[in-house]
Amino acid sequence: MFTIMGATGNIGSKLADRLLTKEKPVRVIGRSTDRLQTFVDRGAVAAVGDAGNSDFLADAFTGSAVVFAMIPPDYAAPDFRKYQNDIGGGIAAAIEKSGVTHVVSLSSLGAHLPDKTGPIKGLYDQEQRLNQLDAVHILHLRPTFFMENTLMNIDMIKNMGINGGHIRGDVPFAMVATQDIAQVASERMLERDFSGKTVRELLGPRDISMDEVTRIIGAKIGKPDLSYVHFSREDYINGLSQAGLSEDMAHQLAELDAAINDRLLASVQPRTEDN
Ligand SMILES: NC(=O)c1ccc[n+]([C@@H]2O[C@H](COP(=O)([O-])OP(=O)(O)OC[C@H]3O[C@@H](n4cnc5c(N)ncnc54)[C@H](OP(=O)(O)O)[C@@H]3O)[C@@H](O)[C@H]2O)c1
């Protein structure tokens, strides 16, 4: 059995699709029976519950050849690192209790750094925590910034006629599509060819700046003059708060963008065909 947390999300849905296409036994985890139904219709077993419930996760993990584990984001969490550590601790306990031996864990580029990386700090904590599980083989996948993050600006582009954020427009950095992350996760889950504790960065084909991203989007949607505006930290945080993110989450994302601007979020593995 291949068990997938976050099965309705960006990566989890593509991972479930790949494994079901290969007619593998799949258990999909999520909070809504309705949202998981599309996978159940294709033969998956649904485990419906909250990732904050470690006993629920232990039951869902039991009998799995491999688990795809992730800490689902909660953008409203008042203290995001604490939230990540609460969920992450429950995931670790569930892995131990279930006796599962192989875990592909979704981490992030920069998770080797304990500080100054915004929401990635909690993934640093999670890697350290999972590395304490002696009897379990763990592959920490460290993807860079998802290309799909750019979709969060659709309303801004529609309503304000600009693209923008706190990342500087002229700074090239690594971006990866979630379909490529799902491909690597599915291959590793099927092969189970990792042992001990290993790390794999996923960097996408090349570095790209937000100015270039904006030019590409503008050309595709018939707005060739679409421009990218670099928001100040204060304006960015205010905008995120107005959009419903917790104050802490807004600050964490601003810290992450500053880490990209300052090139702190650099890779530690060279870019190759494989990553
Ligand atoms: N965005 C980036 O650039 C980036 C880069 C590197 C790493 N990451 C990491 O990638 C992860 C996000 O991956 P993603 O974009 O694939 O996820 P996503 O699209 O945000 O999906 C999250 C999934 O988790 C489920 N979920 C949410 N809260 C839950 C809860 N309390 N209990 C159980 N299930 C819950 C949701 O399903 P239901 O709503 O149906 O329950 C959904 O399927 C995060 O850990 C993030 O730190 C992100």
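Reader: Which polar backbone atom is 2.8 Å from an oxygen atom of the ligand?

Author: That atom belongs to asparagine 10, in this predicted model. The protein covers 83% of the 930 Å² of accessible area that the ligand has on its own.

Reader: And which side chain has an N or O atom 3.2 Å from a nitrogen atom of the ligand?

Author: The side chain of aspartate 50 provides that atom.

Reader: How many residues surround the ligand, and which are the closest?

Author: The shell holds 25 residues, and Thr8, Arg31, Ala51, Ile71 and Asn149 are the closest. By class, twelve are nonpolar, ten polar and three charged. Helix α1 (10–21) and strand β7 (145–146) each contribute at least two residues to this shell.

Reader: Turning to the core, how many residues are in the largest nonpolar one?

Author: The largest nonpolar core contains 83 residues. Those with the most contacts inside it are Met5, Phe61, Phe68, Ile91, Ile95 and Val104. Helix α4 (residues 80–98) supplies the largest share of this core, namely seven residues. In soluble globular proteins, nonpolar side chains tend to be buried together.

Reader: What is phenylalanine 61 in contact with, leaving aside neighbours within four places in sequence?

Author: Its partners are Thr3, Met5, Arg27, Ile29, Val67, Ile91, Ala94, Ile95 and Ser98. Phe61 is also among the buried residues of α3, together with Ser54, Phe56, Leu57, Ala58 and Ala60.

Reader: Is helix α3 mostly covered or mostly open?

Author: Helix α3 (residues 54–61) is mostly covered, as six of its eight residues are buried. The elements covering those buried residues include β1 (2–4), β2 (26–30), β3 (45–48), β4 (66–69) and α4.

Reader: What caps the N-terminal end of α3?

Author: Asparagine 53 does, with a side-chain oxygen 3.1 Å from the backbone nitrogen of aspartate 55. Just after the helix, glycine 63 adopts a positive phi of about 85 degrees.

Reader: Back to threonine 3: where does it lie, and is it buried or exposed?

Author: Threonine 3 is in strand β1. It counts as buried because its relative accessibility is 0%, below the 20% cut-off. Its side chain makes a polar contact of 2.7 Å with the side chain of serine 64. Not counting residues up to four places away in sequence, threonine 3 touches Arg27, Ile29, Ala60, Phe61, Ser64, Val66, Val67, Phe68 and Met189.

Reader: Why does serine 186 count as buried?

Author: Serine 186 counts as buried because its relative accessibility is 3%, which is under 20%. The residue is found in helix α7 (residues 178–191). A polar atom of the serine 186 side chain lies 3.0 Å from the backbone oxygen of glutamine 183. Leaving aside neighbours within four places in sequence, serine 186 is in contact with Leu15, Arg18 and Leu19.

Reader: One more residue: where does glycine 89 lie, and what does it touch beyond four places in sequence?

Author: Glycine 89 lies in helix α4, and it touches Gln126 and Arg129 when residues up to four places away are not counted. Glycine 89 is classed as partly exposed because its relative accessible area is 26%, a value between the 20% and 50% limits.

Reader: How far apart are glycine 89 and leucine 253 in space?

Author: Their C-alpha atoms are 22 Å apart, and the two residues are separated by 164 residues in sequence.

Methods: Residues are numbered from 1 along each chain as its sequence is written. This is a predicted model: local features need pLDDT of at least 70, side-chain atom pairs count only at pLDDT 80 or more; totals for chains, interfaces and linings use all residues. Side-chain values use heavy atoms; hydrogens and water are left out. A residue is near a molecule or strand if one of its heavy atoms lies within 4 Å of it. A polar contact is a pair of N or O atoms within 3.5 Å; within protein, one must be able to donate a hydrogen and the other to accept it, and residues adjacent in sequence count only if both atoms are side-chain atoms. Accessible areas come from the Shrake-Rupley method with a 1.4 Å probe; for residues, only the protein chains shown count as cover. Ala, Val, Leu, Ile, Met, Phe, Trp, Tyr, Cys and Pro count as nonpolar, Asp, Glu, Lys and Arg as charged, and the others, Gly among them, as polar. A nonpolar core is a set of buried Ala, Val, Leu, Ile, Met, Phe, Trp, Tyr and Cys residues joined through side-chain atoms within 4.5 Å. Buried means under 20% relative accessible area, exposed over 50%, partly exposed in between (1.4 Å probe, protein chains only). Contact means heavy atoms within 4.5 Å.
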